[in-house]
Amino acid sequence: NKIEDDYVMGEALGKGKFGLVFMCRSKVTGAEFACKTLPKGEETVHKEVEIMQHLSGHLGVVTLHSVYEDAESFHLVMELCSGGRLMDEMTKEGSYSEHKAATIFKDLMLVIQYCHDMGVVHRDIKPENILLTASGKIKLADFGLAMRIANGQILRGLAGSPAYVAPEVLIGDYGQKADIWSAGVLLHALLVGVLPFQGDSLEALFEAIKSMNIDFHSEKWQSVSKPARDLLERILTRDVAARITAEEVLSHPWILYTERTLK
Ligand code: ADP
Ligand code: MG
Ligand code: MG
């Protein structure tokens, strides 16, 4: 079947480096989905599809429903995340209450832990790739840069988005902990509303990532709790071996404590 036989295309939902994403509706059931169209010749499409199928056992991963192929493109019919991107919610909110930040961050860590347990490194954790359901639950999307790695296997080669990239990715060998760093960059933005590492040029940004330490005594940190700062410090640790894992993040006091307190 062609995709036009089975679905009616709707409004545009978003656009990334390669993908154009539209809403679509099943002609059979009337149910709504998101359709990501990727041009052919992109060999990574097969990998993206394969990894999404491999990770289908977790509610926090965007579900791949079906795949169509025509002369020019692949069409990935996915679960629709009608709450949009976490990115846009963050732009609206500025910074989050610690309770809300911890709730989102815990859910993100649960998905990342699942990916890592399944032998996958996402490599592009950022709020443009974290989507929200109608009820505000997060879903990890965009496995276009994701890699399956065997136990202890090491990756090389720059991948990801400049502001979120881990220092070891800039230098050489890396693995799953690169995702933890990127999530830490996101946590920084959730807590204080700005990205931790910035620069006027890519060079300056990468230099900051490799060497700039966060000043937790600065004014913007005064209203942030000590456990939150402690967790962020353990995540944005340049020494990969010392950086905490997804599992350790999930048992950190800030995550455990915030969960038990009411807003
Ligand atoms: P790219 O690989 O090109 O970055 P993404 O998979 O990140 O493509 O999708 C691009 C954008 O499309 C996302 O940032 C989001 O705005 C939108 N989008 C992607 N998948 C969905 C989905 N399942 N539901 C709703 N919007 C989506
Ligand atoms: Mg993307
Ligand atoms: Mg992609």
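Which polar backbone atom lies 3.0 Å from a nitrogen atom of ligand 1? It belongs to C81, and the sections below place this contact in its surroundings.

## About the model

This is a predicted model, in which local features need pLDDT of at least 70 and side-chain atom pairs count only at pLDDT 80 or more, while totals for chains, interfaces and linings use all residues. Residues are numbered from 1 along each chain as its sequence is written, chains are lettered from A and ligands numbered from 1 in the order in which they are written, and side-chain values use heavy atoms, with hydrogens and water left out.

## Around ligand 1

Of the 20 residues around ligand 1 (those with a heavy atom within 4 Å of it), K36, E79, C81, E128 and D142 come nearest. By class, the shell holds nine nonpolar, four polar and seven charged residues. Strand 1 (7-15), a DSSP run of E with at least two residues, gives the largest share of this shell, three residues.

## D142 and the magnesium ions

D142 is placed in the loop between strand 9 (138-140) and strand 10 (147-148). Its OD atoms coordinate the magnesium ion (ligand 3) at 2.1 to 2.7 Å, where donors are N, O and S atoms within 2.8 Å of the metal (3.2 Å for Na, K and Ca), and the site may look incomplete because water is not among the atoms. D142 also bridges this ion and the magnesium ion (ligand 2), and the two ions lie 4.3 Å apart.

Definitions and conventions. Helix = DSSP H or I, 4+ residues; strand = E, 2+ residues; numbered from the N terminus. Polar contact = N/O pair within 3.5 Å; in protein donor to acceptor, adjacent residues only side chain to side chain. Nonpolar A, V, L, I, M, F, W, Y, C, P; charged D, E, K, R; others polar.
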